[in-house]
Amino acid sequence: MKLKTFSMGGVHPPENKLSAGREIRELSPSDVVVIPVSQHLGTPSKVIVERGDQVKVGQLIARAEGFVSTNIHASVSGKVSKVDIFPDSSGYRRLAVQIKVNGDEWVETIDRSGTLVKEISLDAEEIRKRIVEAGIVGLGGATFPTHVKLTTPRGKKAEYLIVNGVECEPYLTSDHALMMERSSALLVGIQIMMKGLGVEKAILGIESNKPDAISRMQEITRGTAISVQGLKVKYPQGGEKQLVKALLNREVPSGGLPIDVGVVVFNVGTVHAAYEAVQKNKPLIERVVTVTGKYLKQPSNFRVRIGTPVSHLIEQAGGLPEDTAKVINGGPMMGKALASLDVPVVKGTSGIVLISNEEARRKAVIQCIRCTRCVQVCPMGLEPYLMMNLAEKEMFERMETERVLDCIECGSCSYTCPSSRPLLDYIRLGKAEVAKLVRSRKAV
Amino acid sequence: MNQIIIVTIITLVGIGTAAAVILYFVAQRFKVYEDPRIDEVEEALPGANCGGCGYAGCRAFAEALVKNESWDDLYCPVGGNENMAKVAELLGKEAVEQAPQVAVVRCYGTPEFRARTNEYDGAPTCAIAHQLYAGEGGCPHGCLGLGDCVVACDFDAIHMNPATGLPEVVDDKCTACGACVEACPRDIIELRKKNKKDRKIFVCCINEEKGAVAIKNCKVACIGCSKCYDVCPYDAITMNNNLAYIDPVKCKLCRKCVVVCPTNAIHEINFPPRKTEKTEAVEEENK
């Protein structure tokens, strides 16, 4: 089988998949969980519980506000001890619900048995409704509400469903573990998504560094309309646009979405959550998180309740090693360092990576030597060195015409720069300013 | 030989004369009338091109001064009232007087009061750090200390103090052009009325969090207790979102609020030292 990949740019960071092959361990909830009401892209949800309320696992605690928003459920049972602002992963404070854990009492309608429900009895509309109710968002990290993607815009038609099992970020193995352990559930999940979208064909893309997952999924999907495609290892293949290009050789237009070329992409974690929501009536209250690091005693894949503090996860993985410079929320390429370990795991937390002093050391930033390596590795065909210069000079209109909004913030440019220039930092700054410009223009 | 030189000279002079004549008529035909007063006014302005007036530079401001009927929105903070009066005399108009202002940094989160809980090693600009996270001290409103304001200042009037990690304004050099106010991503710097002897009383904090949360990160944060609001005899203090604000125009510099502030978040600068202990002063004033 010939391995496919995307054509433009890309880098090959060391894989360091230390926790690969480790079983998913169920992590018992910590004593107190903090569940933020804004865990998704879009409008924050509205809290519907008060201090002192008793809640059960799976009970709705914050309702979606508008279309691009999601429901949020209690991940533990116990008493709501506070509805207040708490620091999120960036240290900025946002509204959250704090629950003091007491027992483990679930909402009765949730099917907690381990039996696989293969029969999909609901129709497309009902599937979408279940997914809205369950508060499912893209678990790859972008946390875009899943029901929005399931709703095909008028005039467009979905032809393919692509399931993203690429996991191109170094260190992370949560999707890999999910594919190995929950393959049958994933198969049903993919079929649910296909039914929800009304598509006939689905492709599951997996990078070739996970041969066991490829053969497992190939075996299980035999005789279905789902094909499993191995992909050459290259970062950032897990980006939607890169994956569509790699698997179907279709190019998503600038400023467009995969649906513009008849494709919808879901992460395997999202598909698994959809299975649980539709077949088991279980809202999104837990997810698989990789906790890893070179000096960590037991790099692990945990099934964690949303709202569990990061410090609890690290403790369960053998405690914080002495040589820890940074704790990164997400993968090492796109993730951001945490300012505190007390922040909760949210729907978008795919991994916690502990970086040692040696790995974290930054080289001195020197001037651009015009080697154009950043241009060569940019998967979106942008010119990062130019973007950084423009952002420094506050030439945001020019940045817009240079298509800065196409940047997927993969960090390949900063990774590859021999002068260690903080390219992505400046591009992100410019992106925010350009987005502001665009918004103000729309408002007029 | 001589002939060649003569022919060359005649030809060149001929071409030159013809071109000059053509250029003269073209210039006459496409002449753009520009008010000569604009040049005069530009000459009279400070020429800092800082943009503090809101225009692209001194030339653009001079044009506005000449063309605009009303001068209500036109003011050069660098030149001040004196300079505006001079320009007004040139044009035979009336300048709108404005109280001179000075930039004030409203954060005192030094490492002593605001313990550093983490270390930032990213791109050294406040704009980027602000976008990434709350900052080394954990206060989401406090100064990041990376000096975007220093870079923005055209007048060398704001410097980082390495001991405190905070910027300090040199009052004599500050022209109140507002470049630092614009540059600060957290809106910490404010332009306030300049008082006699550069005296200042202001709330040196912009944290809008609840008192208990604010004080956790920084010992000199405004906790929104309203004590200053209660004690102010001139109604100069307003409370909003757990934060006190002293109106620089209404404030009469009586210093009563400074004494009652439990977290020392209200600063008094360039005042003579008090004669008695703080507590005694309160008692005296209460009498």
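Predicted model: local features only at pLDDT ≥ 70, side-chain atom pairs only at ≥ 80, totals over all residues.
## Confidence in the model

For chain B taken as a whole, the average pLDDT is 91, and 95% of the residues score at least 70. As for the complex, the predictor assigns an ipTM of 0.89 together with a pTM of 0.87.

## Chain A as a whole

Let us turn to chain A. Its secondary structure amounts to 14 helices and 17 strands. The radius of gyration of chain A is 21 Å, close to the 22 Å that the globule rule gives for 444 residues, so chain A is as compact as a globular protein of that length. Laid along its principal axes, the C-alpha trace of chain A spans about 65 × 55 × 50 Å.

Of the 444 residues in chain A, 51% are buried. Among the contacts in chain A with a separation of 6 or more, 73% come from residues 24 or more positions apart.

## Domains

For chain A, the domain assignment gives domain 1 (29-101), domain 2 (124-280) and domain 3 (373-443). The centres of domain 2 of chain A and domain 3 of chain A, taken over C-alpha atoms, are 28 Å apart. Six residues from domain 2 of chain A and seven residues from domain 3 of chain A take part in the contact. On the side of domain 2 of chain A that touches domain 3 of chain A, two residues are nonpolar, four are polar and none is charged.

For chain B, the assignment gives domain 1 (36-91), domain 2 (100-191) and domain 3 (195-287). Here the centres of domain 1 of chain B and domain 3 of chain B, again over C-alpha atoms, are separated by 37 Å.

## Where the chains meet

The contact between the chains involves 15 residues from chain A and 14 residues from chain B. On the chain A side, helix 14 (residues 423-443) of chain A supplies the largest share, five residues. The side of chain A that touches chain B is made up of seven nonpolar, three polar and five charged residues.

## Strand pairing

Chain A holds an open sheet of three strands in the order 3-5-6, with antiparallel pairing. Its edge strands, each pairing on one side only, are strand 3 (46-47) and strand 6 (72-73) of chain A. Strand 3 of chain A runs antiparallel to strand 5 (residues 60-63) of chain A, and two bridges join them. If you want a residue to look at, A:Val47 has A:Ala62 in strand 5 of chain A as its bridge partner.

In chain B, strand 2 comes up again: four bridges join strand 2 of chain B to strand 3 (residues 166-169) of chain B, and these strands run antiparallel. B:Met160 stands opposite B:Pro167 in strand 3 of chain B. The hairpin of strand 2 and strand 3 of chain B has four residues between the strands, and there B:Gly165 takes a positive phi near 75°.

## Backbone details to look up

Most residues other than glycine have a negative phi, and most peptide bonds are trans. A few places in this model depart from that pattern. A:Tyr235 and A:Pro236 are joined by a cis peptide bond, with omega about 0°. A:Pro236 sits in the loop between strand 11 (226-231) and helix 6 (240-248) of chain A.

Two non-glycine residues with positive phi are also worth a look. A:Glu167 has a phi near 45° and lies in the loop between strand 9 (160-165) and helix 3 (174-181) of chain A. B:Ser226 has a phi near 70° and belongs to the loop between helix 8 (211-217) and helix 9 (227-231) of chain B. Is each of these residues buried or partly exposed? A:Glu167 is buried, because 32 other C-beta atoms lie within 10 Å. B:Ser226 is partly exposed, with 13 other C-beta atoms within 10 Å.

Technical notes
Residues numbered from 1 in each chain as written. Chains lettered and ligands numbered in written order. Domains from an automatic or database assignment. Contact = placed C-beta atoms within 7 Å. Nonpolar A, V, L, I, M, F, W, Y, C, P; charged D, E, K, R; others polar. pLDDT = per-residue confidence, 0-100. Rg over C-alpha atoms; globule rule 2.2 N^0.38 Å. Buried ≥ 20, exposed ≤ 12 C-beta atoms within 10 Å, placed from the backbone. Pairing = 2+ DSSP bridges.
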